[in-house]
Amino acid sequence: MSISANEIIEIVEKYGKKRSIAMDFKEGATELTDSKLSGVPYLPKDSQWPLDKKTGKKLVFMLQVNFSEVPKMENYPESGLMQIFIANDDISGIDFDEPDNQASWRIIFHENADNAMEVDEIKALMPDLNEADDVMLPFDPKKEYKVTFKEEMQLPSIDTLEFDKIFKEHIGAAFKIESISDLDDAAQDELFDKLCNGGSRIGGYPFFTQYEIREENDTRKLLIQIDSVYDDKMDIIIWGDSGVANFFITDENLKNRDFSHVIYNWDCY
């Protein structure tokens, strides 16, 4: 019996359709508390710039999400600022052995933003990348981009725990197959094309250029994904060779605004 990709997708839609908030980046000046890629982040008065715990060097500000600008999502904050900082090194601060080790990257959450340091004071604390031996960031720190958000619906990519669960509970038994490789090549190709969640987003399902990093029964879900963004005119974000970065968190930690156990991964082609 020939099984079409659409037959598989119908089941995935029934059990796996999920909301996600897509992020878009537009170059231009931003206000201190705006959602942004690069630029100057909010810092409260009397705070310190985050440091790499391994080298003592200043981390580099990458992303700020103002949740008051984001469509509401279950368990996510409705206000406050989430910031991501990374190291200026050839692996962007990632710890491959302990992906939740925030020694060389950091997520910081501010419940409110009504105690801001002056912009000039913040700029004075930022790392001077002109003095760096080499700038190895996935973005240009001399530019800044306003982030905008748009709700969309998603289906899980094939190479994720979420798809594996749907396959084991519904697809395998329905079609009497043990894996997607049991389908003919055309159906497999169509599934990989249609069930692919590239793009930068909050929540929803992740995308990997290599393989799923979460182990079986891991309950962490996608917190935020920052994909490579580029065209023939401009590179906005490039992770290695056109890769993607993912950050994962449990629902409980997300509800509690505890970002200390987030796991961070990026991979590329």
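**Close-up views of a predicted protein chain**

Of the contacts in the protein chain between residues at least 6 apart in sequence, 74% join residues at least 24 apart; contact means heavy atoms within 4.5 Å. The model is predicted, so local features need pLDDT of at least 70, side-chain atom pairs count only at pLDDT 80 or more, and totals for chains, interfaces and linings use all residues. Residues are numbered from 1 along each chain as its sequence is written, and side-chain values use heavy atoms, with hydrogens and water left out.

**View 1. The whole chain.** The protein chain holds 5 helices and 12 strands. Both are DSSP runs numbered from the N terminus: helices are H or I with at least four residues, strands are E with at least two. The radius of gyration of the chain is 20 Å, close to the 18 Å that the globule rule gives for 269 residues, so the chain is as compact as a globular protein of that length. That radius is taken over C-alpha atoms, and the rule is 2.2 Å times the number of residues to the power 0.38. Along the principal axes, the C-alpha atoms fill a box of roughly 70 × 35 × 35 Å.

View 2. Of the 269 residues, 50% count as buried. Buried means under 20% relative accessible area, exposed over 50%, and partly exposed in between (1.4 Å probe, protein chains only). The accessible surface of the chain comes to about 13800 Å², and 45% of it belongs to carbon and sulfur atoms. These areas come from the Shrake-Rupley method with a 1.4 Å probe; for residues, only the protein chains shown count as cover. The chain carries 29 positive and 55 negative charges, and their mean positions are 5 Å apart. Lys and Arg count as positive, Asp and Glu as negative; His and the chain ends are not counted. Each charge is placed at NZ of Lys, CZ of Arg, CG of Asp or CD of Glu.

**View 3. The open sheet.** Ten strands line up in the order β5-β4-β3-β2-β6-β1-β7-β8-β11-β12, with antiparallel pairing. β5 (105-110) and β12 (263-267) stand at the edges, each with a single partner strand, so one side of each is left without a neighbour in the sheet. Two strands pair if DSSP finds at least two bridges between them. Strands of a sheet pair through backbone hydrogen bonds, either parallel or antiparallel.

View 4. Strand β4 (residues 81-86) runs antiparallel to β5, joined by 6 bridges. I84 stands opposite I107 in β5. β5 is mostly covered, with 5 of its 6 residues buried.

**View 5. β1 and its two partners.** Strand β1 (residues 18-27) is joined to strand β6 (residues 144-154) by 10 bridges, and the two run antiparallel. M23 stands opposite F149 in β6. Between β1 and β7, also antiparallel, there are 2 bridges. Here I21 has I202 of β7 as its bridge partner.

**View 6. From β7 to β8.** Strand β7 (residues 201-202) is joined by 2 bridges to strand β8 (residues 221-227), in antiparallel fashion. I202 stands opposite I224 in β8.

**View 7. F208 in its loop.** F208 sits in the loop between β7 and β8. F208 is buried, at a relative accessible area of 2%. Leaving aside neighbours within four places in sequence, F208 is in contact with D159, T160, I213, V244, N246, F248, N265 and D267. F208 and D227 are 19 residues apart in sequence and 9.8 Å apart in space, C-alpha to C-alpha.

**View 8. F61 in β3.** F61 lies in strand β3 (residues 60-66). At 3% relative accessibility, F61 counts as buried. Not counting residues up to four places away in sequence, F61 touches K36, S38, G39, V40, P41, W49, Q83, I84, F85 and F139. D241 is 180 residues from F61 along the chain, and their C-alpha atoms are separated by 21 Å.

View 9. Most residues other than glycine have a negative phi. Phi of K176 is near 55°, a positive value in a residue other than glycine. K176 is found in the loop between α3 (161-175) and α4 (185-194). K176 is exposed, with a relative accessible area of 74%. R257 has a positive phi near 55°. R257 is in the loop between α5 (251-255) and β12. R257 is partly exposed, with a relative accessible area of 26%.
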